[in-house]
Amino acid sequence: MAGPSDLEGLARAAQDAGKAQAPGRGLPPVHLWNPAHSGEIDIVIRTDGRWVHEGAVISREALVRLFSTVLRKDPDGFHLVTPVEKLRITVEDAPFVAVRVDREGETGGETLTFLTNVGDAVVAGPDHAIRVETAEDGEPRPYLHVRRGLEALIARPVFYELVEMAEARDTPDGRRLGVGSGGAWFALGPA
């Protein structure tokens, strides 16, 4: 298990990896990195989006945002990946939370732009789908694809906004409420 000094080292490595990117190029290419050193670190991303290290909430927003840029989902779980190490972490549900939605455009040509708790702006569409599961208690669990298999749980107030925007359509699964964005339509639930 990694300790506090390992957390600082990981932060330095993640910063260095981010600096290696050309300005305006976006996120580090974690999907291309396969470092020889791997292990795990006691970081948990809670269902509500809080990042916790060894039982204490990571309160530095900039550090959480930095770590979110080197997060990768592999078949064996979630990892923080830099060019020099890959550390497995625990994610209770989705690694991000969609905390806001903005709607632009007219019906049929609208876009829905979501903001996550780590500062990602994501336009829902064919590459960034909205999906809704049903939890054991019968409540909807809505998600938005953010990048490379990483999703954001759509916060309840944001989901309520989507439901208010929704229109009913006949689908092969029956009449459904849904929203359109970026040329795609996403079912939210039964009408």
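Start by selecting strand 5 and strand 6 (residues 85-91): the two pair in the antiparallel sense, with four bridges between them. Keep in mind that you're looking at a predicted model. Zoom in on Val81 and you'll find Lys86 of strand 6 standing opposite. The link from strand 5 to strand 6 is a hairpin through three residues.

Stay with strand 5, residues 77-81, and check how covered it is: five of its five residues are buried. Strand 4 and strand 5 run antiparallel and are joined by four bridges.

Colour six strands in the order 9-8-7-12-11-10 and you have an open sheet with mixed pairing. Its edges are strand 9 (121-123) and strand 10 (130-134), each of which pairs on one side only. Ignoring direction, neighbours in this sheet are turned against each other by 40° on average.

Strand 10 runs antiparallel to strand 11 (residues 140-147), and five bridges join the two. Click on Glu133 and then on Arg141, its bridge partner in strand 11.

Last, show helix 3 (residues 156-165), which packs on the sheet. Which strands does helix 3 touch? Select strand 7 (96-104), strand 8 (111-116), strand 10, strand 11 and strand 12 (150-154) to see them. Line up your view along strand 7, and the direction of helix 3 makes about 30° with that of the strand.

Key
Residues numbered from 1 in each chain as written. Predicted model: local features only at pLDDT ≥ 70, side-chain atom pairs only at ≥ 80, totals over all residues. Heavy atoms only, no water. Buried < 20%, exposed > 50% of the residue type's maximum accessible area, 1.4 Å probe, protein only. Pairing = 2+ DSSP bridges. Axes fitted to C-alpha atoms, helices over the stretch in contact; angles between N-to-C directions. Contact = heavy atoms within 4.5 Å.
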